[in-house]
Amino acid sequence: MTRITHIELIQVDLAPEKVRTDAIQAFVVQETPIVRIHCDDGSEGTGYSYTIGTGGSSVIALLRDHLLPQLIGADPQRIEYLWRTLYFSTHATAVGAITSLAMAAIDTALWDWRCRRDGQPLWIAAGGAQHEVPVYTTEGGWLHLSTDELVGATAAALDAGLLGAKIKVGKRLQEDIERLTAVRDVVGNDFSIMIDANQCLTTAEAIRRAPYYSALHVDWFEEPLPADDLTGHARLAASGNVPIAVGESLYSTTQFADYLRQGACAVVQADVARVGGITPWLKVAHMAEACNVSICPHFLMELHVSLCAAVPNASWLEYIPQLDAITHSRVEIERGRARPPATPGLGIDWDWQAIGRSASARFTIS
């Protein structure tokens with residue numbers, strides 16, 4: 001029986017390639033905890049997580065001091081058992097972002113180990129439902145951009161063959177409408193536009209704005225309200241003006257179940273890091289499938305491309321490169337559709353030299 005002998009824990013801080021702002025925050029730096037599991041038979045697996053600028057040291061401390069020591073001597077094949085054991089050991093701090101982000105770094109490493117052992121790419125091991133997925137970009141839709149910059153970036157995405165773009169909203173309604181109208185006039189009605197308020201609105205204001213956004217034929221209205229306002233989202237969804245998308249700020253399968261039970265969203269955006277790993281992400285995806293709801297994950301395109309291909313109800317992959325500085329691999333996109341990597345494991349080819357040069361923290365647990 002294979003046993004885990006030691007684990008490397010590394011934090012790498014990555015500056016975003018472009019300035020990223022929305023209605024409530026700026027993406028300052030990507031703190032990237034990396035977990036590399038080593039086993040007694042020489043096999044290994046690598047997983048990771050991320051923050052957008054705060055909490056990285058807390059994730060590292062939870063991993064180093066509490067979670068990773070429990071894995072030494074464990075059988076890495078028992079992914080579900082290990083996930084539940086570790087999660088229960090953190091019951092005093094769950095459900096929450098720090099715990100979920102730490103759990104995700106471990107769970108993705110275990111899935112990487114399993115897929116490498118079996119010689120399978122993740123998208124096949126997790127279901128193999130589709131061989132490609134449409135791509136939309138968020139990189140040209142940030143809130144600080146002028147209308148001209150917004151139009152130029154979205155037109156460039158169209159020219160590059162991408163099939164949609166997300167535009168941040170949250171300015172005065174009239175200004176939002178003017179910006180979106182300028183984009184729609186250039187890209188036409190066949191190009192998908194999604195909008196994202198990043199939780200900045202009240203229920204009343206979101207209901208007031210929704211018909212105006214709907215008139216511009218947006219595919220969805222993302223995070224209009226604070227993520228814990230389930231009742232508000234249900235009221236907004238019931239108004240029927242535009243599909244509601246939520247999920248990047250939900251941290252457990254139970255939270256997603258509550259949204260789906262109440263019909264409070266039309267698109268689920270589970271983030272594999274924020275929901276605690278591949279194990280719970282797949283549960284959310286299939287729960288959404290059972291409710292005839294699409295899953296369109298948030299961020300982490302280098303990993304989500306495989307998970308989108310694994311399940312039948314993933315309809316979009318979000319284009320925001322996050323790992324270019326520390327990987328050799330890139331997501332393959334052709335005709336606006338991304339193909340999952342064929343290599344065993346997560347399909348991420350880590351640049352260990354670059355990681356070593358840029359590591360801000362490094363530990364070995366044995």
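Helix 3, residues 97-118, has 22 residues and reaches 31 Å from its first C-alpha to its last, close to the 32 Å expected at 1.5 Å a residue. The expected span is 1.5 Å times one less than the number of residues. Helices (H or I, at least four residues) and strands (E, at least two) are DSSP runs, numbered from the N terminus. The model is predicted: local features need pLDDT of at least 70, side-chain atom pairs count only at pLDDT 80 or more, and totals for chains, interfaces and linings use all residues. Residues are numbered from 1 along each chain as its sequence is written, and side-chain values use heavy atoms, with hydrogens and water left out.

**Helix 3**
- Buried means under 20% relative accessible area, exposed over 50% and partly exposed in between, with a 1.4 Å probe and protein chains only.
- G119 follows helix 3 and has a positive phi, near 70°.

- Helix 1 (residues 56-67) has 12 residues and spans 15 Å between its first and last C-alpha, close to the 16 Å expected.
- The buried residues in helix 1 are G56, V59, I60, L62, L63 and L67. They cover an arc of only 160° around the axis, which puts them on the same side of helix 1. The arc is that of the directions from the helix axis to the C-beta atoms.
- An α-helix has 3.6 residues a turn, so residues three or four places apart point the same way.
- Among the elements covering the buried residues of helix 1 are strand 1 (4-14), strand 2 (30-39), helix 2, helix 3 and strand 14 (359-365). Contact here means heavy atoms within 4.5 Å.
- Helix 7 (residues 203-214) has 12 residues and reaches 16 Å from its first C-alpha to its last, close to the 16 Å expected.
- In helix 7, the buried residues are T203, A206, R209, A210 and Y213. Seen down the axis, they fall within an arc of 130°, so they line one face of helix 7.
- These buried residues of helix 7 pack against helix 6 (173-187), strand 6 (192-196), strand 7 (221-222) and helix 8 (230-238).

**Pockets**
- On a 1 Å grid over the protein atoms alone, a pocket is an open set of points with protein on both sides within 12 Å along at least five of seven lines, a cavity is a set where a 1.4 Å probe fits but cannot get out, and lining residues have an atom within 4 Å of a point. Grid points are joined across faces, edges and corners, and a volume is the space filled by probe spheres set on the points.
- The largest pocket has a volume of about 460 Å³. It is lined by 33 residues, and Q25, Y50, I52, E248 and R274 are the closest to its centre.
- Helix 3 gives the largest share of this lining, 3 residues.
- The lining of the largest pocket divides into 12 nonpolar, 11 polar and 10 charged residues. Ala, Val, Leu, Ile, Met, Phe, Trp, Tyr, Cys and Pro count as nonpolar, Asp, Glu, Lys and Arg as charged, and the others, Gly among them, as polar.
- The second largest pocket holds about 170 Å³ of space. Of its 15 lining residues, W83, Y87, S252, T253 and P280 lie nearest its centre.

**Cavity**
- The whole structure has 1 cavity of 30 Å³ or more, and the largest cavity has a volume of about 30 Å³.
- The largest cavity is lined by I79, L82, W83, L86, M103, I106, D107 and L110. Helix 2 and helix 3 each supply at least two residues of this lining.
- The lining of the largest cavity has 7 nonpolar residues, no polar and 1 charged.
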